[in-house]
Amino acid sequence: MKQFEIYVNGQPVPATPGQTIAEAMLANGLRTCRNTRSHSPRGVFCGMGICYECRMIVDGIPNVRTCMTPATPGSRIRVQDDGVIEMDP
Ligand code: FES
(Lines give C-alpha, C1' and ligand atoms only; values in the text may rest on other atoms or scores of the structure.)
Protein backbone atom coordinates (compact mmCIF):
# COMPACT_ATOMS: atom_id res chain seq x y z
CA MET A 1 0.00 0.00 0.00
CA LYS A 2 1.27 3.41 -0.87
CA GLN A 3 1.72 5.60 2.21
CA PHE A 4 0.86 9.29 2.28
CA GLU A 5 0.86 12.04 4.89
CA ILE A 6 -1.79 13.90 6.76
CA TYR A 7 -0.96 16.86 8.99
CA VAL A 8 -2.04 16.94 12.61
CA ASN A 9 -1.43 20.30 14.23
CA GLY A 10 1.04 20.96 11.42
CA GLN A 11 3.05 17.77 11.99
CA PRO A 12 3.22 15.16 9.21
CA VAL A 13 1.63 11.83 10.15
CA PRO A 14 1.92 8.79 7.85
CA ALA A 15 -1.32 7.13 6.77
CA THR A 16 -2.31 4.40 4.36
CA PRO A 17 -5.31 4.18 2.03
CA GLY A 18 -8.37 2.90 3.89
CA GLN A 19 -7.27 4.18 7.28
CA THR A 20 -9.40 6.64 9.16
CA ILE A 21 -7.83 9.78 10.57
CA ALA A 22 -8.17 8.32 14.09
CA GLU A 23 -6.47 5.08 13.04
CA ALA A 24 -3.54 6.95 11.52
CA MET A 25 -3.21 9.09 14.63
CA LEU A 26 -3.35 6.17 17.06
CA ALA A 27 -0.83 4.21 14.97
CA ASN A 28 1.54 7.13 15.45
CA GLY A 29 0.97 7.65 19.16
CA LEU A 30 -1.36 10.65 18.92
CA ARG A 31 -4.29 10.23 21.28
CA THR A 32 -5.79 13.66 21.89
CA CYS A 33 -8.54 14.69 19.48
CA ARG A 34 -10.11 17.54 21.39
CA ASN A 35 -10.11 19.37 24.70
CA THR A 36 -13.27 19.95 26.69
CA ARG A 37 -14.31 23.38 27.90
CA SER A 38 -12.54 22.55 31.17
CA HIS A 39 -9.39 21.69 29.16
CA SER A 40 -9.54 17.92 29.66
CA PRO A 41 -8.15 15.97 26.71
CA ARG A 42 -10.44 13.52 24.92
CA GLY A 43 -9.70 10.85 22.34
CA VAL A 44 -11.17 7.84 20.59
CA PHE A 45 -13.61 5.97 22.81
CA CYS A 46 -16.13 3.91 20.81
CA GLY A 47 -14.33 3.92 17.47
CA MET A 48 -17.62 3.48 15.61
CA GLY A 49 -19.23 6.91 15.32
CA ILE A 50 -21.46 6.90 18.38
CA CYS A 51 -19.75 8.81 21.21
CA TYR A 52 -18.44 11.87 19.32
CA GLU A 53 -15.35 11.98 21.55
CA CYS A 54 -13.04 11.95 18.52
CA ARG A 55 -14.24 15.24 17.03
CA MET A 56 -11.53 17.36 15.43
CA ILE A 57 -11.19 20.21 12.98
CA VAL A 58 -10.56 18.66 9.55
CA ASP A 59 -9.67 20.96 6.67
CA GLY A 60 -11.29 23.83 8.56
CA ILE A 61 -14.51 22.01 9.41
CA PRO A 62 -15.12 21.54 13.16
CA ASN A 63 -16.81 18.57 14.87
CA VAL A 64 -15.68 15.96 12.34
CA ARG A 65 -15.71 12.44 13.80
CA THR A 66 -12.22 11.24 12.97
CA CYS A 67 -13.05 7.59 13.67
CA MET A 68 -15.47 7.70 10.73
CA THR A 69 -13.51 9.92 8.36
CA PRO A 70 -10.99 8.43 5.94
CA ALA A 71 -7.52 9.92 5.92
CA THR A 72 -6.86 11.63 2.62
CA PRO A 73 -3.49 12.86 1.36
CA GLY A 74 -2.59 16.30 2.65
CA SER A 75 -5.55 16.68 5.04
CA ARG A 76 -5.00 19.35 7.69
CA ILE A 77 -6.31 18.26 11.07
CA ARG A 78 -6.27 20.17 14.30
CA VAL A 79 -7.07 19.31 17.88
CA GLN A 80 -10.39 20.96 18.68
CA ASP A 81 -10.68 23.14 21.74
CA ASP A 82 -14.36 23.02 22.64
CA GLY A 83 -14.01 26.26 24.60
CA VAL A 84 -12.91 28.12 21.49
CA ILE A 85 -13.82 26.72 18.10
CA GLU A 86 -11.99 28.67 15.43
CA MET A 87 -12.59 28.37 11.73
CA ASP A 88 -9.58 28.31 9.43
CA PRO A 89 -9.19 31.51 7.41
S1 FES B 1 -14.62 7.50 18.87
FE2 FES B 1 -16.74 7.53 19.25
S3 FES B 1 -17.55 8.70 17.59
FE4 FES B 1 -15.44 8.52 17.14
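This is a predicted model: local features need pLDDT of at least 70, side-chain atom pairs count only at pLDDT 80 or more; totals for chains, interfaces and linings use all residues.
In what sense do E5 and E6 pair, and over how many bridges? E5 and E6 pair in the antiparallel sense, over three bridges.

**The chain as a whole**

The protein chain contains one helix and eight strands. Read along the sequence, these elements follow the pattern β-β-α-β-β-β-β-β-β. The C-alpha trace spans about 40 × 30 × 20 Å along its principal axes. For 89 residues, a compact globule would have a radius of gyration near 12 Å; the protein chain has 12 Å, so the two agree. Of these 89 residues, 26% count as buried. Among contacts in the protein chain between residues at least 6 apart in sequence, 36% join residues at least 24 apart.

**The five-stranded sheet**

Five strands form an open sheet with mixed pairing, in the order E2-E1-E7-E5-E6. Its edge strands are E2 (11–15) and E6 (61–65), each of which pairs on one side only. On average, neighbouring strands of this sheet are turned by 40° against each other, direction ignored.

Several pairings within this sheet can be described one by one. Strand E1 covers residues 4–8 and pairs with E2 in the antiparallel sense over five bridges. In that pairing, Tyr7 stands opposite Pro12 of E2. Strand E5 pairs with strand E7 (residues 76–78) in the antiparallel sense over two bridges, and the bridge partner of Val58 in E7 is Ile77. Towards E6, E5 again pairs in the antiparallel sense, and here the bridge partner of Arg55 is Arg65. The hairpin of E5 and E6 has two residues between the strands, and in this hairpin Asp59 takes a positive phi near 50°.

**The three-stranded sheet**

A second open sheet is formed by three strands in the order E4-E3-E8, and its pairing is mixed. Strand E4 (41–42) and strand E8 (80–81) are the edge strands, each pairing on one side only. Strand E3 (residues 34–35) runs parallel to E8, and two bridges join them.

| Strands | Sense | Bridges |
|---|---|---|
| E1 and E2 | antiparallel | five bridges |
| E5 and E6 | antiparallel | three bridges |
| E5 and E7 | antiparallel | two bridges |
| E3 and E8 | parallel | two bridges |

**The nonpolar core**

The largest nonpolar core has 17 residues, of which Ile6, Ile21, Ala24 and Ile77 touch the most other members. The elements that give two or more residues to this core are E1, E2, helix H1 (21–27) and strand E5 (55–58). H1 gives the most, with four residues.

Leaving aside residues up to four places away in sequence, Ile6 touches Val13, Ala15, Ile21, Ala24, Ala71, Ser75 and Ile77.

**Two residues compared**

Is Ala15 buried or exposed? Ala15, found in strand E2, has 24 other C-beta atoms within 10 Å. The cut-off for a buried residue is 20 or more, so Ala15 is buried. Not counting residues up to four places away in sequence, Ala15 touches Gln3, Phe4, Glu5, Ile6, Ala24 and Ala71. Of these contacts, Phe4 is eleven residues away in sequence, and its C-alpha lies 5.4 Å from that of Ala15.

Arg42 belongs to strand E4. It has 19 other C-beta atoms within 10 Å and is therefore partly exposed, as a count between the limits of 12 and 20 is classed that way. Arg42 and Val8 are 34 residues apart in sequence, and their C-alpha atoms are 15 Å apart in space.

Conventions:
Residues are numbered from 1 along each chain as its sequence is written. Two strands pair if DSSP finds at least two bridges between them. Axes are lines fitted to C-alpha atoms, for helices over the stretch in contact, and angles run from 0 to 180 degrees between N-to-C directions. Two residues are in contact if their C-beta atoms, placed from the backbone, lie within 7 Å. A nonpolar core is a set of buried Ala, Val, Leu, Ile, Met, Phe, Trp, Tyr and Cys residues joined through C-beta atoms within 7 Å. The radius of gyration is taken over C-alpha atoms; the globule rule is 2.2 Å times the number of residues to the power 0.38.
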